[in-house]
Amino acid sequence: MNIRNVAIIAHVDHGKTTLVDKILHTCKLFRDNQETGELILDNNDLERERGITILAKNVSVMYKDTKINIIDTPGHADFGGEVERVLNMADGVVLLVDAFEGPMPQTRFVLQKAIAAGKKAILVINKVDKPNCRPEEVHDMVFDLFFNLEATEDQLNFPTIYGSSKQGWMSTDYKVQTDSITPLLDCIVANIPPAPIREGTLQVQITSLDYSSFIGRIAVGRVYRGVIKENMAVSVVKRDGSIVKSRVKDLFIFDGLGKLKVTEVIAGDICAFTGIEGFEIGDTVSDFEKPEGLPVISIDEPTMSMLFTINTSPFFGKDGKFVTSRHLRDRLFKELEKNLALRVEETSSPDSYIVFGRGILHLSVLIETMRREGYELQVGQPQVIIKEIDGRKHEPVEVLTIDTPQETSSRVIDLVSQRKGDMLVMQPKGDLIHMEFEIPSRGIIGLRNNILTATAGEAIMAHRFKAYEPWKGPISQRISGVLISKDKGTSVAYSIDKLQDRGKFFIAAGEEVYPGMVIGEHIRPDDLVVNVCGEKKLTNMRASGTDEKMRIVPAIKFSLEESMEYIAADEYVEITPVSLRIRKIVLDENERKRTTKKAEA
Ligand SMILES: Nc1nc2c(ncn2[C@@H]2O[C@H](COP(=O)(O)OP(=O)(O)OP(=O)(O)O)[C@@H](O)[C@H]2O)c(=O)[nH]1
Ligand SMILES: [Mg+2]
């Protein structure tokens, strides 16, 4: 059979999943009257809600007489490691670039990986339906990018397709709108090399995994050489070269959105299989008698860590089903089975674990999933991972791009410079200013919040790990102190109203608070303990205190990620299935003062 294996790569939100959806539709996967909705591929709850892809996914379509295996990849930088691995299964890539935005940090990263791996690329300039798009300019920018990334002569000769995934059309000329995406499919068949059918003994490298609550872990990889069969005895060559005898159980190929059980899969095709106990990414499943491993593939190292601990707030156990250290431990170690870039380390306390991940989003997706499952937990301030290189302290540095309206650019530059960011590029982009910086990862934590506030939500920001570089010195993280609740009780509008000139509140009237809980941001740099539960002399007032004359500014409600980025080193985010709260680690005011004094001494 004639097979093409192609990965779709791009910066976040440039339209990969939308395009794969359209390809599935076009290839008549769906019975005509079947309602499928959009972005059927982003199929877990979090992916749907956020409109982002978290895990790379395989689908497969028949186009004319060619089978096209398509790998949809995540565009967010935290999941970049996925992209690098799955490129292993592809013979070529479709590089999607937004016709307005042009190449972004993650475009560069994924293209660099594809070029280094010797893959042939097709460029798709997507979203040409956008009114202010600039397809020709973007084409030239991408060409320069290929050139700068040292593409070979052959790679530089990439074909370009223009179109709109959303409207469901692709064309060789952006001025000539078509009525389908088949020009892209034709381009894939013509330009991506057919998967070679290598004969000989079996070699399949496990590059990715699927997880099913019924079956558990399912290995996914491309048959590099030979034939894999169900119930076949095999030798697994591990990363360290050791060999484990095992047996393949069920075998599948990808078929549309799902999998189809088959008895054998020949070289060139992508397959999924069960039966190999305790496999790891990069293992080669090979001939039983004559095992031969394929070159090992690299797995991304974590760049950030956070302390995960059980909930110890006075409200512990109110909302959650799983609240003990045993629960937390089991859940975290279970996650390691499928979350490839995650690491968990024990601490001296059985209640706390240090969890290492690829960034705020990577960790927050885990936390959000856990809270939905009924867990209660607390997390500490995210820490970037510092390394000692040649006896010097090094920290992760990232490339940061910000596009913002002209009139806000100086405020943006101020904010980035305060956090040790150096500006590299500043140029107009449509009616926006495009800026590029190099900034320590530490400086990016909490930056998004400030940038959005400073630009009334107009700025578009993206960042991507660049390298470990020498430590850039201290960065002051949060400029303001916080308002802390003095009492346990229910907040009262009257009391909040009276304190409004002291800062901004994170709680509204009628919310339960406890001593040591962070309930707002102080206008001054120090912390302030306040009473929002009403005062004794007001007992003749109605408790809810809905006085017409009060105008309380609506409470600021942080998302999980915003809370994680907001907290200081002496604070936790408390997470339950129902609530998100910020608290001081030490709840008692006097004890907190003593601890701070001790720390200062
Ligand atoms: N105007 C316009 N919008 C588009 C087009 N293609 C996709 N979009 C929109 O862009 C947003 C992101 O699309 P996705 O397909 O989820 O992007 P993605 O590249 O898969 O994103 P990640 O998986 O998070 O990296 C959605 O709101 C789409 O509706 C297009 O051709 N034109
Ligand atoms: Mg996607």
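Predicted model: local features only at pLDDT ≥ 70, side-chain atom pairs only at ≥ 80, totals over all residues.
Biologist: Let's begin with ligand 1; which residues come nearest?

Modeller: There are 18 residues around ligand 1, and those that come nearest are Lys16, Thr17, Thr18, Thr53 and Asp129.

Biologist: And what is that shell like by class?

Modeller: The shell around ligand 1 is made up of 10 polar, 5 charged and 3 nonpolar residues.

Biologist: Which helix gives the largest share of it?

Modeller: That is helix α1, spanning residues 16-26, which contributes 3 residues to the shell around ligand 1.

Biologist: How much of ligand 1 does the protein bury?

Modeller: Taken alone, ligand 1 exposes 650 Å², and the protein buries 86% of that area.

Biologist: Switching to the magnesium ion, what coordinates it?

Modeller: The magnesium ion, which is ligand 2, is coordinated by the OG1 atoms of Thr17 and Thr53, at 1.9 to 2.0 Å. These two residues link distant parts of the chain, 36 residues apart, with Thr17 in helix α1 and Thr53 in the loop between α2 (45-50) and β2 (57-63).

Biologist: Are Thr17 and Thr53 buried or exposed?

Modeller: Both Thr17 and Thr53 are buried, and both are also among the residues that come nearest to ligand 1.

Biologist: New topic, then: how do β11 and β12 pair?

Modeller: Strand β11 (residues 233-237) and strand β12 (residues 243-247) pair in the antiparallel sense, over 5 bridges, and Val237 stands opposite Ile243 of β12.

Biologist: What is between those strands?

Modeller: The hairpin of β11 and β12 has 5 residues between the strands, and in this hairpin Gly241 takes a positive phi near 95°.

Biologist: And how many bridges do β13 and β14 have?

Modeller: Strand β13 (residues 251-255) pairs with strand β14 (residues 258-261) over 4 bridges, in the antiparallel sense, and the bridge partner of Ile253 is Leu260 in β14.

Biologist: Which residue takes a positive phi in that hairpin?

Modeller: In the hairpin of β13 and β14, where 2 residues sit between the strands, Gly256 takes a positive phi near 60°.

Notes:
Residues numbered from 1 in each chain as written. Chains lettered and ligands numbered in written order. Heavy atoms only, no water. Near = heavy atom within 4 Å. Areas by Shrake-Rupley, 256 points an atom, 1.4 Å probe, with all protein chains shown as cover. Nonpolar A, V, L, I, M, F, W, Y, C, P; charged D, E, K, R; others polar. Donors = N, O, S within 2.8 Å, 3.2 Å for Na, K, Ca; no water. Buried < 20%, exposed > 50% of the residue type's maximum accessible area, 1.4 Å probe, protein only. Pairing = 2+ DSSP bridges.
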